[in-house]
Amino acid sequence: MTATSTGISVTLPIDGRLEPYVLGTPGAWTRPARPITSRVAFAAAHVIPRATADNTPGTPATVDWDATLAYRHELWSYGLGVADAMDTAQRGMGLDWQASAELIRRSGAEAVSAGGRLACGAGTDQLDLAGLPSGSAGLDRIVDAYREQIDVVTEAGAQVILMASRALAQVARSAADYLYVYERLLADAERPVILHWLGTMFDPALHGYWGSPDIATATATFRALVEDNESKIDGVKVSLLDAAHEIALRRTLPDGVRLYTGDDFNYPELIIGDTQGHSDALLGIFAAIYPAASTALQELDNGNVTRASEILEATRALGRHIFAAPTYYYKTGIAFLSWLNGRQPGFSMVAGLSNGRSVSHLAELFRLADRAGLLSDPELAAHRMRVYLELNGAVS
């Protein structure tokens, strides 16, 4: 996307060598003058820890609420919805249920003040997996845990996202066990929810979700659940990084049930769609590329499909890099880009997850973000990149 040089240079480790890299100018991104209507789009937002917090793995999360909530206002200002307290916010990787509940309540209040759309994850991560009983007693414990979290989301005024449950993956012995839990939760739903199918590349503990490690078999169970409960389901978020599977599933969903892509590799073509439909979006990558994502959706609203496709395509290399294997460390890249762009005071993450990526990985992220026009203040970004490289011994 970048066409003009700023003349600002940073020495980067590229392919094992130190080479000067000259930054380009930010993209010509725009905030929408009216609500985006062509797609429903959520950015799954990360959390920012307090700078002086003890971020040792296993310690309770201490959040910088001002910076964390300001990030959500930034996303809303670009016309995107916010998906909160999900895996991007480090659920299951440092953000405990107590902090998650506080995040949901605070984000709910901020969404009202901003007039922003908000959906929040409800799961079962308050449970002690080691102490879970087997059989029906364990399944009932899981239902109760889900209900506790659903109540917090509902009271905050947010839409419920039923997150995949590590506890259920541990206790369930068949597809029927999954249907037992989800059908009870959907029967209680006050408004249509979003179902989340999270693949093992994001969380290996979810192996065999929906009752089978075979994707086709699991999909049949998932589709049956949706078809039998379509009035209680707004949409499904599928995070399997398999575009062909997503398109096939999308074409078989009941009318009125959305497919929210969670494919951070193939989102450009999935969102643009084809003659038989398109995916809406609930994406972690949108928390990184939100100015470009919003501008692309505005172009779609205006009927400029080619331009929208060009904008999203120009971010694909960055998305694939941030979500490269091991994919569950993608949050590190989102936080790093947030820091480069001045959205948080330091490059730190809950539970010390800022060490989840290498220096070379983050140097390449810097270069790809610049090429996509997503370094909003090149001088600040260059300064912070130099500090990071020096601190980590990559340059002297």
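Leaving aside neighbours within four places in sequence, which residues is Leu168 in contact with? In this predicted model, the list runs Leu139, Ile142, Asp177, Tyr178, Val181, Tyr182 and Tyr209. Leu168 itself is found in helix α4, residues 166–171. It counts as buried because its relative accessibility is 0%, and the cut-off for buried is under 20%. Leu206 sits 38 residues away from Leu168 along the chain, yet their C-alpha atoms are separated by 8.7 Å.

Now for the nonpolar cores. The largest one has 130 residues, and Tyr182 and Tyr209 are among the members that touch the most others, along with Leu162, Leu195, Phe286, Phe366 and Met385. Helix α9 (residues 286–301) gives this core its largest share, 10 residues. There's also a second, separate core of 10 residues, including Val40, Met86, Tyr260 and Leu282.

Back to Leu162: beyond its neighbours within four places in sequence, its contacts include Ala122, Tyr146, Tyr182 and Leu195.

Next stop, helix α7 (residues 243–250). Its buried residues are Ala243, His245, Glu246, Leu249 and Arg250. They cover an arc of only 160 degrees around the axis, so they lie on the same side of α7. An α-helix has 3.6 residues a turn, so residues three or four places apart point the same way. Here is what the buried residues of α7 pack against:

| Element | Residues |
|---|---|
| β7 | 193–198 |
| α6 | 215–228 |
| β8 | 233–239 |
| β9 | 258–261 |
| α8 | 267–272 |

Finally, the N-terminal end of α7 is capped by Asp242, with a side-chain oxygen 3.3 Å from the backbone nitrogen of Ala244.

Definitions and conventions:
Residues are numbered from 1 along each chain as its sequence is written. This is a predicted model: local features need pLDDT of at least 70, side-chain atom pairs count only at pLDDT 80 or more; totals for chains, interfaces and linings use all residues. Side-chain values use heavy atoms; hydrogens and water are left out. Helices (H or I, at least four residues) and strands (E, at least two) are DSSP runs, numbered from the N terminus. Buried means under 20% relative accessible area, exposed over 50%, partly exposed in between (1.4 Å probe, protein chains only). Contact means heavy atoms within 4.5 Å. The arc is that of the directions from the helix axis to the C-beta atoms. A polar contact is a pair of N or O atoms within 3.5 Å; within protein, one must be able to donate a hydrogen and the other to accept it, and residues adjacent in sequence count only if both atoms are side-chain atoms. A nonpolar core is a set of buried Ala, Val, Leu, Ile, Met, Phe, Trp, Tyr and Cys residues joined through side-chain atoms within 4.5 Å.
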